[in-house]
Amino acid sequence: FDDRSLARPFDLRGQPSYFLSTLNGGIIVLRTGGGWREDSRWRLRHDYAHHLLRNHTGMTTSLWLDEGFAQFLSTLQIKDESADLGIARKDHLIRLRNRLRLSLARVLQMQTLEGVSPQEREAFEAETWALFHYLSFEVGRPADAAERRRRYFKKLGSGTPRQEAFAAAFGVDEETLERKLFRYVRKTRFDSIALNLVDSWKPRASDVRPLSAPEA
């Protein structure tokens with residue numbers, strides 16, 4: 001939507017883009033006509049990632065994965081016919097290089113952010129990003145990361161204690177991982193995933209339509 005009109009009916013807190021989750025699915029609003037590449041900000045990508053994960057049927061998750069996945073996906077950068085996934089979040093790295101503000105055990109156990117201070121919430125967001133990034137690139141092959149996460153939650157669901165399930169799924173215990181994570185965020189270079197956007201991935205003309213007046 002062009003936002004040059006005085007009314008700016010689709011404006012939300014001055015954002016050039018935002019995501020709305022509705023009962024009929026998700027709505028992505030890009031206000032300035034620049035498309036996904038120019039208009040989508042990290043908050044939109046972050047909220048959309050939450051929507052994708054929470055609406056994935058049969059997926060057992062927890063707060064750290066829900067937030068870590070969204071933080072990880074929020075850095076997605078679209079190029080002409082490719083995309084980079086998992087680019088390092090500089091703001092998180094700056095925060096974490098001072099010190100990890102929450103213990104890894106607490107991060108894994110947290111079930112809600114209600115009553116959490118803004119500083120603790122920022123620390124939680126940064127640490128879950130670092131944890132998701134580390135488990136995706138530093139523990140075995142990146143292609144196997146999703147299977148390791150499924151194995152972890154399957155063990156939790158069967159009654160396996162959290163620490164035992166974590167070590168069995170990821171091959172490292174929590175105390176060791178916390179030390180490794182502290183060193184990990186001090187790296188100067190981080191891996192990301194390069195995706196080739198082949199023609200079959202591109203939306204067909206019939207998939208793209210303007211919103212009707214009632215929908216808008």
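# Close-up views of the predicted model

**Surroundings of valine 139.** Once its neighbours within four places in sequence are left aside, valine 139 is in contact with Tyr134, Arg148 and Phe170, where contact means heavy atoms within 4.5 Å. The model is predicted, so that local features need pLDDT of at least 70 and side-chain atom pairs count only at pLDDT 80 or more, whereas totals for chains, interfaces and linings use all residues. Residues are numbered from 1 along each chain as its sequence is written, and side-chain values use heavy atoms, with hydrogens and water left out. Valine 139 is found in the loop between helix 6 and helix 7; helices (H or I, at least four residues) and strands (E, at least two) are DSSP runs numbered from the N terminus. With a relative accessible area of 11%, valine 139 is buried, a term that means under 20% relative accessible area, while exposed means over 50% and partly exposed lies in between (1.4 Å probe, protein chains only). The C-alpha atom of valine 139 is separated by 8.7 Å from that of valine 172, which is 33 residues away along the chain.

**Overview of the chain.** The secondary structure of the chain comes to nine helices and five strands, and from the N terminus on these elements run β-β-α-α-α-β-β-α-α-α-α-α-α-β. Of the 216 residues in the chain, 38% are buried. Among contacts between residues at least 6 apart in sequence, 57% join residues at least 24 apart.

**Helix 2 against helix 3.** Two packed helices are described by the angle between their axes and the distance between the axes. Helix 2 (residues 42-54) and helix 3 (residues 63-73) pack at an angle of about 135 degrees, with their axes 8 Å apart; axes are lines fitted to C-alpha atoms, for helices over the stretch in contact, and angles run from 0 to 180 degrees between N-to-C directions. The two helices, helix 2 and helix 3, are therefore oblique to each other, given that angles under 35 degrees count as roughly parallel, over 145 as roughly antiparallel, 65 to 115 as roughly perpendicular and the rest as oblique. The contact involves Trp42, Arg45, His46, Ala49, His50, Leu52, Leu53 and Arg54 of helix 2, together with Leu65, Asp66, Glu67, Phe69, Ala70, Gln71 and Leu73 of helix 3. By class, the residues of this contact of helix 2 with helix 3 divide into eight nonpolar, three polar and four charged, where Ala, Val, Leu, Ile, Met, Phe, Trp, Tyr, Cys and Pro count as nonpolar, Asp, Glu, Lys and Arg as charged, and the others, Gly among them, as polar. Arginine 54, in helix 2, counts as exposed at 57% relative accessibility, and its C-alpha atom is separated by 7.8 Å from that of aspartate 66, 12 residues apart along the chain.

Serine 74 has its place in the loop between helix 3 and strand 3 (77-78), where it is buried, with a relative accessible area of 1%. A polar atom of the side chain of serine 74 lies 2.7 Å from the backbone oxygen of glutamine 71. Neighbours within four places in sequence aside, serine 74 is in contact with Trp42, Arg45, His46 and Arg89.

**Helix 6 against helix 9.** Helix 6 and helix 9 pack at an angle of about 95 degrees, and their axes are 11 Å apart, so helix 6 and helix 9 are roughly perpendicular to each other. Ala130, Leu131, His133, Tyr134, Leu135 and Phe137 of helix 6 make the contact with Leu177, Lys180, Leu181 and Tyr184 of helix 9. The residues of this contact of helix 6 with helix 9 divide into eight nonpolar, one polar and one charged.

**Aspartate 173 between two helices.** The loop between helix 8 (162-170) and helix 9 (174-184) holds aspartate 173, which is partly exposed, with a relative accessible area of 36%. A polar atom of the side chain of aspartate 173 lies 3.1 Å from the backbone nitrogen of glutamate 175. The C-alpha atoms of aspartate 173 and glutamine 163 are separated by 6.8 Å, the two residues being 10 residues apart along the chain.

Terms used: Polar contact = N/O pair within 3.5 Å; in protein donor to acceptor, adjacent residues only side chain to side chain.
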